[in-house]
Amino acid sequence: MYGGGYIFEETKNGERTVEDPKRLEDFEARIQAGEKIEPMDWMPAEYRKQLIRMIEQHAHSEIIGALPEGTWITRAPGFRRKLALMAKVQDEVGHAQLLYSAAETLGKPREMMINDLITGKSKYSNVFNYPAVTWADTAVIAWLIDAGAIINQVANSKGSYGPYCRALERICMEESFHLKYGHDNVVFLATGTPKQREMVQDALNRWWKPIMHFFGPSDKISVHTETLMRWKVKMASNDDMRQKFLDMYVPKIWELGLSIPDQKLKKNEDTGIWDYTEPDWEEFKRVINGDGPCNKERLAVRRRAEEKGEWVRKALMRNAEEYTIPLS
Amino acid sequence: MAEDNKDAIRNLIFRIADDQLIIGHRNSEWTGLGPILEEDIAFSSMAQDKLGHALALYTLLHEIGEKDPDTLAFNREEKDYVCCHFVEYPIGEYDFSLMRHFLFDSSEALRFGMLAESSFEPLAKIARKFRGELRYHTMHADTWIKQLGSANEESRARMQSALNECMPLALGIFEPSDYELALQNEGIFPGEKFLQDAWIDHITPILNAGELRMPDVGNCTPSYGGRAGFHTEFLKPLIDEMSEVYKIDPKAEW
Amino acid sequence: MSLKSLDPRITREGLPEEPDNTPVENIHHWTTFEVFHQTKKGDRHIHVGSVHAPNHEMAYILAKEQFARRADCVSLWIVKTSDVYQTNYRDEDMYENNQEKMYREAGGYKVMERINKYRKEHSK
């Protein structure tokens with residue numbers, strides 16, 4: 001699973017490293033030619049910095065993303081769902097492992113990234129700050145949030161950084177199971193008893209707002225954004241991804257007779273573009289900055305997990321080798 | 001199978017299936033919250049395997065006349081479960097969970113090894129099918145125990161105290177049933193006493209390799225009662241939690 | 001008061017209600033091991049990723065589920081990352097193959113023309 005629109009930080013002018021123009025030119029030409037950049041390659045400091053930020057956020061989103069669905073792991077109804085939910089949450093942890101490795105190749109050790117996560121210094125996808133109130137929420141998350149994630153990840157897998165692309169290749173493969181599982185789960189609820197149907201409609205009503213927030217606000221067109229797109233760090237615009245999502249999934253939601261809580265939602269047949277009520281971006285900002293329904297809990301849980309592993313890591317350090325950055 | 005063996009076989013399978021279900025459920029509580037990323041994944045796989053074993057065994061019970069696997073797992077009275085107390089305990093800290101994993105899975109691997117030779121072929125078949133999975137489970141457990149048992153003072157102390165706490169509970173795995181003789185005479189299963197002896201022989205050298213001391217088994221009072229439907233305070237809340245959604249409407253398809 | 005969660009597992013943890021923002025003390029980094037995976041006998045081992053572990057035995061049991069739980073696998077190789085000797089992309093031009101080394105390519109040997117010429121000259 002993952003998350004969402006790209007959230008990049010503008011680098012202040014004074015902080016920007018001045019790069020050797022010849023090297024920069026070669027670097028950009030290689031990306032232009034479709035070559036991948038590998039960890040040992042020369043790269044602009046800004047490229048390294050923005051990639052670490054993006055991959056790290058992606059990894060955090062996987063490990064935090066395991067929590068909303070994990071809410072129901074001890075209560076999944078029946079063997080089939082119980083096993084599938086465990087496997088799915090396990091995959092999210094596995095994705096975090098792959099992504100932390102990819103980010104590590106750029107020079108930031110895993111424990112440092114986790115430290116930045118639990119001290120609130122580093123962000124993760126906003127959607128995971130919302131609660132999974134009933135079992136049906138896990139179904140909606142597995143289907144629609146993972147669907148959104150796939151759109152984002154497929155775009156990113158064509159980016160320029162080799163280790164990230166390789167991690168995404170495997171991740172996308174596993175996501176196709178998540179999507180199928182989520183859809184199956186929603187279909188069973190939507191075509192089930194009146195109680196089940198009510199549960200899934202409620203969950204969809206709750207999750208529509210976070211889903212619309214998921215891809216992030218419209219991109220500001222700035223030199224900064226243009227550079228990141230030229231470097232194939234940012235691979236698609238937030239609005240384009242949102243449109244693609246609506247195009248692919250709104251009809252699938254409607255065919256189940258479920259309603260979407262947005263009166264304005266409609267495809268403009270002339271332009272092919274979906275009209276919708278503009279999401280509340282003030283709320284989005286508030287939540288991302290820590291004031292969402294579950295932010296505190298999510299971070300407290302990850303902190304506790306780290307603390308619980310502390311004695312284990314420490315004990316086995318005795319004969320351990322010094323940390324090395326992984327190859328890829 | 002002979003009609004008089006039917007109860008003996010049914011009871012045997014229920015005991016194993018309920019153990020697998022409850023330990024699988026307990027260990028699944030670590031999924032996504034595990035102390036180390038890679039270990040979170042490994043531990044979840046093994047919990048999934050346990051639930052898979054439970055499902056296979058309930059399916060076999062269904063084939064010999066019991067209700068369907070979901071009903072057996074999610075919709076029985078507490079007193080109808082015949083799991084041992086050991087699997088009911090909360091997950092605690094990772095030292096307790098790892099030690100339980102080691103002690104329980106060693107017994108399980110030996111049990112399934114014996115059942116692979118059972119005269120009741122459907123059970124033997126299941127036992128053979130899970131051999132590979134169990135090999136990984138015991139390798140995983142043995143590695144952790146050996147390493148943490150000899151790593152530093154803190155880890156050794158933690159593992160030793162987890163071992164001391166677990167031992168009476170672990171001995172409860174081998175609570176004899178009313179059918180021991182019938183199972184032995186018919187070549188279905190060599191019996192809990194036999195299994196317990198084999199288990200002690202098996203775990204002692206591994207614990208010693210990890211510099212841990214095997215508690216004096218003669219001085220431990222085994223935690224019995226689970227096999228007769230008398231459980232710890234932990235089982236009822238576990239069942240209620242596990243079946244919370246299922247019981248919204250047991251007739252619904254989820 | 002401890003944190004009440006929708007997730008019963010988390011409620012049981014008894015987490016503090018107010019968040020703790022202090023950095024984690026004494027971060028312990030295990031080292032990394034590279035993992036190579038063989039799908040079936042006869043195939044090559046292929047690099048599939050890395051794991052954090054204190055030693056080879058632990059690296060193996062941790063790699064097994066992360067890299068072989070879904071894919072077909074018959075064998076894993078585990079290599080300490082620091083034991084891998086890596087070449088630098090700065091030396092990329094060293095690997096370029098020059099066209100004139102046709103003497104070691106199959107395509108560098110074209111004799112049909114010569115044979116045809118010989119046959120033409122010697123046929124009556």
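At what angle do H2(A) and H3(A) pack, and how far apart are their axes? In this predicted model, the two helices pack at an angle of about 165°, and their axes are 8 Å apart. That angle makes H2(A) roughly antiparallel to H3(A), and the crossing of the pair is left-handed.

On the H2(A) side, the residues that meet H3(A) include Ile52(A), Ile55(A), Ala59(A), Ile63(A) and Ala66(A), together with Glu56(A), Glu62(A) and Glu69(A). From H3(A), the partners include Leu85(A), Val89(A), Val93(A), Ala96(A), Leu99(A) and Ala103(A), with Lys88(A) and Glu92(A) also among them. By class, the contact of H2(A) with H3(A) divides into 13 nonpolar, four polar and five charged residues.

**Helix packing across and within chains**

H3(A) also packs against a helix of chain B: the axes of H3(A) and H2(B) come within 9 Å and cross at roughly 165°. That makes H3(A) roughly antiparallel to H2(B), and H3(A) passes H2(B) in a left-handed crossing. Among the residues of H3(A) that take part are Phe79(A), Lys82(A), Leu83(A), Met86(A), Gln90(A) and Gln97(A), and they belong to a contact whose H2(B) side includes Leu37(B), Glu38(B), Asp40(B), Ile41(B), Gln48(B), Leu51(B) and Leu55(B). Val93(A) and Ala96(A) of H3(A) are listed in the contact with H2(B), and these two residues are also listed in the contact with H2(A). The residues of the contact of H3(A) with H2(B) divide into 11 nonpolar, seven polar and three charged.

Within chain B, helix H2 (residues 37–63) and helix H5 (residues 121–129) have axes that come within 11 Å and cross at roughly 165°. H2(B) and H5(B) are therefore roughly antiparallel to each other, and H2(B) passes H5(B) in a right-handed crossing. The contact is made by Ala56(B), Leu57(B) and Leu60(B) from H2(B), and by Pro122(B), Leu123(B) and Ile126(B) from H5(B). Its residues divide into six nonpolar, no polar and no charged.

| Helix pair | Axis distance | Angle |
|---|---|---|
| H2(A) and H3(A) | 8 Å apart | about 165° |
| H3(A) and H2(B) | within 9 Å | roughly 165° |
| H2(B) and H5(B) | within 11 Å | roughly 165° |

Which helix gives the largest share of the side of chain A that touches chain B? In total, 37 residues of chain A are in contact with 43 residues of chain B. Helix H2 (45–70), helix H3 (78–104), helix H7 (194–214) and helix H11 (295–315) of chain A each supply at least two residues of the chain A side, and the largest share, 13 residues, comes from H3(A). That side of chain A divides into 20 nonpolar, 10 polar and seven charged residues.

The contact between chain C and chain B takes 12 residues from chain C and 13 residues from chain B. On the chain C side, the elements that give two or more residues are helix H1 (8–13), strand E2 (46–53) and helix H2 (56–68), with the largest share, seven residues, coming from H2(C). The side of chain C that touches chain B has five nonpolar, two polar and five charged residues.

**The sheet of chain C**

Strand E2 of chain C, which contributes to the contact with chain B, also belongs to an open sheet of three strands in the order E2-E1-E3, with antiparallel pairing. E2 and strand E3 (75–80) stand at the edges, each with a single partner strand, so one side of each is left without a neighbour in the sheet. The twist averages 30° from one strand to the next. Strand E1 (residues 31–38) of chain C is joined to E2(C) by seven bridges, and the two run antiparallel; Val35(C), for instance, has Gly49(C) in E2(C) as its bridge partner.

**Confidence**

The model scores ipTM 0.96 and pTM 0.94. Chain A averages a pLDDT of 92, with 94% of its residues scoring at least 70, while chain C averages 90, with 98% of its residues scoring at least 70. In chain A, confidence is highest in H3(A), at a mean of 98, and lowest in helix H8 (residues 223–230), at 87.

Definitions and conventions:
Residues numbered from 1 in each chain as written. Chains lettered and ligands numbered in written order. Predicted model: local features only at pLDDT ≥ 70, side-chain atom pairs only at ≥ 80, totals over all residues. Axes fitted to C-alpha atoms, helices over the stretch in contact; angles between N-to-C directions. Helix = DSSP H or I, 4+ residues; strand = E, 2+ residues; numbered from the N terminus. Parallel < 35°, antiparallel > 145°, perpendicular 65-115°, else oblique. Left-handed = near helix turned anticlockwise from the far one by under 90°. Contact = placed C-beta atoms within 7 Å. Nonpolar A, V, L, I, M, F, W, Y, C, P; charged D, E, K, R; others polar. pLDDT = per-residue confidence, 0-100. Pairing = 2+ DSSP bridges.
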